[in-house]
Protein chains: 2
Amino acid sequence: MSDLPKRVEFHEEGPREGFQIEKKIYPLADRVALVEALAETGLPQIQVASFVNPKKVPTMADTEQLFAAIKKRPGVQYTALWLNEQGFLRAKATPGVDLKGKLSYYASDRFAMLNNNCSAAEMRERSLRWLDLYKEAGIKLDSATIMVSFGCNIEGDVPIAAVTDTVRWLAGVLKERQLTLPKLYLADTVGWANPNAIKRRVAAVREIMPDARIGLHLHDTRGLGGANFYAALEVGVDLFDSSVAGLGGCPFCGNDHGSAAGNVCTEDMVFLCQELGIETGIDLEKLIEASRMAERIIGRPLTGKVMHAGSLAKFRAAARQAAAE
Amino acid sequence: MSDLPKRVEFHEEGPREGFQIEKKIYPLADRVALVEALAETGLPQIQVASFVNPKKVPTMADTEQLFAAIKKRPGVQYTALWLNEQGFLRAKATPGVDLKGKLSYYASDRFAMLNNNCSAAEMRERSLRWLDLYKEAGIKLDSATIMVSFGCNIEGDVPIAAVTDTVRWLAGVLKERQLTLPKLYLADTVGWANPNAIKRRVAAVREIMPDARIGLHLHDTRGLGGANFYAALEVGVDLFDSSVAGLGGCPFCGNDHGSAAGNVCTEDMVFLCQELGIETGIDLEKLIEASRMAERIIGRPLTGKVMHAGSLAKFRAAARQAAAE
């Protein structure tokens, strides 16, 4: 138990993951209120929305207005997602976006084709252009993410070599350009990870990039999110993407039963950390309130658990009180 | 990763936990169909229903009829719950009930009062009477369960000593009577467990009863069910109670948000075991079908995840096919 990190950092993705996937376009005011509530919890970073093609993703058409409307809290990073240069330029032109120099790779060629209409090798080449763009814009390199690091619905199980090959290639590029990579994320994009796979891949990429902080982007698609999160803690991972209330689930997506769970749930994993004595800097009770707000906004029961049962704080307080009497 | 068990045994509790907690009384035929579907999956043991006061628990008033209606599958154990001598005598008089000599204890005095209207010490004394009853009836001692082994909503965190004191007391009784206890369960009755607490308590009770097989009865009340299950696997636990589709949740129970998740979900945890290379003897696809039947019967979305996303089998098969072409 001694390898557990002392402190874990959560980057909240619910406002982007949760609303982007919906068919309905939710009122701007509700989404602003959710981001502002999340910023009050102690979360250090919140992904607010995407700068993507409004014709393809109408739920994210108002990202500029969303950023304009949010009352910012000092110390919180408000980030955004972009997939191409046009999106990046929009993000750059939008006041209040905390721009992060992010690189994206695929561990599966055919998933890259489906998602980005290019091969995994082309994605690597494109990342060189991103390094140039970030340099020109004066943005520091922040992270690289290897998507579908565990498995993909087209190619099946992803071998570790598909992950480590990309990481090795990137290590070479960084050395050549005398750059350092602060964070390296492994993403379980479509829910194929299991605890053994987590531990093995974390160990393998650490060997290649011992100085990069390893982060995980986990989905709870098949109910292993919590076990995968804990397995990562056991090997000292201290950086996670997650979604409040488990947002990011898809009630109508194309799997065989018509729905799927979303990202690993922020407040459930914060609760896990608290119970393990790991610092998060997050006020769990405030976060539970924010998760309930998310559920009210979305308008159907969400998959988070602690938001429905409540934390243990009030029971402990009552027990202490009773013991003192 | 080497301490993971080679094989894990699941005891299904959904038919009892899931329907007992509902306000609605579900048709007998539906409950029969669910039990029969579960028996086809390879599950070795299914808790069918309770023999409890029909005035207090009207959903379980027809337990005799339920047992009479089930077409039994050879090799499957069909068990039942009882809380007092009257219930036991009903179970004993009902054809088809696989009677298990079970003892129950509480690690929290005030929870015992609430649940059984007696102290934890009185529960211990009563268990002596149960030993006599089982002996008279020719039923072998099967298991002992320590309820609220991790925490309780009244007394708060339960110290390890409250668990080990009871186990030590029981070890003394068993020695005196020259009995052996095959299985010792720790139950997280109201969702207070965390991975560290699991590991510590399992180690502590093993020291006292090295020959008893340790089992866990876990709830996913606060989203830690999967992490707790995995932590238990890591210390070699190979026996779990669980509920298909996560049945046992309570949409109207008395916590601060009006609902709570149920037992740890059978098919999600079977999926976890499969992905870790652990044998379960269970056909996951059949189990997923049974979980979808449970959801249709209950009539609202249940909390299981793999039942909604599907397993990885079809993706792997398609990937193999594509690779072969």
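**Exercise 1. Find which residues of helix 9 of chain A meet helix 10 of chain A, and describe the packing.**

Solution. 
Step 1. In this predicted model, A:Gly226, A:Phe229 and A:Tyr230 of helix 9 meet A:Asp268, A:Met269 and A:Leu272 of helix 10, both helices in chain A. Two residues are in contact if their C-beta atoms, placed from the backbone, lie within 7 Å. Helices (H or I, at least four residues) and strands (E, at least two) are DSSP runs, numbered from the N terminus.
Step 2. Sort these residues by class. The contact of helix 9 with helix 10 of chain A has four nonpolar, one polar and one charged residues. Ala, Val, Leu, Ile, Met, Phe, Trp, Tyr, Cys and Pro count as nonpolar, Asp, Glu, Lys and Arg as charged, and the others, Gly among them, as polar.
Step 3. Take the geometry. Two packed helices are described by the angle between their axes and the distance between the axes. Helix 9 (residues 225–234) and helix 10 (residues 266–275) of chain A pack at about 40°, with axes 11 Å apart. Axes are lines fitted to C-alpha atoms, for helices over the stretch in contact, and angles run from 0 to 180 degrees between N-to-C directions.
Step 4. Name the arrangement. Helix 9 and helix 10 of chain A are therefore oblique to each other. Angles under 35 degrees count as roughly parallel, over 145 as roughly antiparallel, 65 to 115 as roughly perpendicular and the rest as oblique.
Step 5. The crossing of helix 9 and helix 10 of chain A is right-handed. A crossing is left-handed if the near helix is turned anticlockwise from the far one by less than a right angle, and right-handed if clockwise.

Residues are numbered from 1 along each chain as its sequence is written, and chains are lettered from A and ligands numbered from 1 in the order in which they are written. In this predicted model, local features need pLDDT of at least 70, side-chain atom pairs count only at pLDDT 80 or more, and totals for chains, interfaces and linings use all residues.

**Exercise 2. Describe how helix 10 of chain A packs on helix 11 of chain A.**

Solution. 
Step 1. The axes of helix 10 and helix 11 (residues 284–298) of chain A come within 9 Å and cross at roughly 165°.
Step 2. Helix 10 and helix 11 of chain A are therefore roughly antiparallel to each other. Their crossing is left-handed.
Step 3. Helix 10 of chain A brings A:Thr266, A:Glu267, A:Val270, A:Phe271 and A:Gln274 to the contact; helix 11 of chain A brings A:Leu284, A:Leu287, A:Ile288 and A:Ser291.
Step 4. By class, this contact of helix 10 with helix 11 of chain A has five nonpolar, three polar and one charged residues.

**Exercise 3. Which element of chain A gives the most to the side that touches chain B?**

Solution. 
Step 1. Count the contact. 48 residues of chain A are in contact with 48 residues of chain B.
Step 2. List elements of chain A giving two or more residues. They are strand 7 (156–157), helix 8 (195–208), helix 9, helix 10, helix 12 (306–309) and helix 13 (313–324).
Step 3. Helix 9 of chain A gives the most, with five residues.
Step 4. The residues on this side of chain A divide into 21 nonpolar, 15 polar and 12 charged.

**Exercise 4. Is B:Asn117 buried or exposed? Is B:Ala245 buried or exposed?**

Solution. 
Step 1. B:Asn117 is in the loop between helix 5 (109–116) and helix 6 (120–137) of chain B. B:Ala245 is in the loop between strand 10 (239–242) and helix 10 (266–275) of chain B.
Step 2. Read phi. B:Asn117 has a positive phi, near 55°, and is not a glycine. B:Ala245 has a positive phi of about 65°, and is not a glycine.
Step 3. Count neighbours. B:Asn117 is exposed because 8 other C-beta atoms lie within 10 Å. B:Ala245 is buried because 33 other C-beta atoms lie within 10 Å. A residue is buried if 20 or more other C-beta atoms lie within 10 Å of its own, exposed if 12 or fewer, and partly exposed in between; C-beta atoms are placed from the backbone.

**Exercise 5. How many residues has the largest nonpolar core?**

Solution. 
Step 1. The largest nonpolar core has 189 residues. Such a core is a set of buried Ala, Val, Leu, Ile, Met, Phe, Trp, Tyr and Cys residues joined through C-beta atoms within 7 Å.
Step 2. Those with the most contacts inside this core are A:Val48, A:Phe229, A:Tyr230, B:Tyr106, B:Phe229 and B:Tyr230.
Step 3. Follow B:Tyr106. Leaving aside neighbours within four places in sequence, B:Tyr106 is in contact with B:Phe111, B:Ala112, B:Ala120, B:Met123, B:Met147 and B:Val148.
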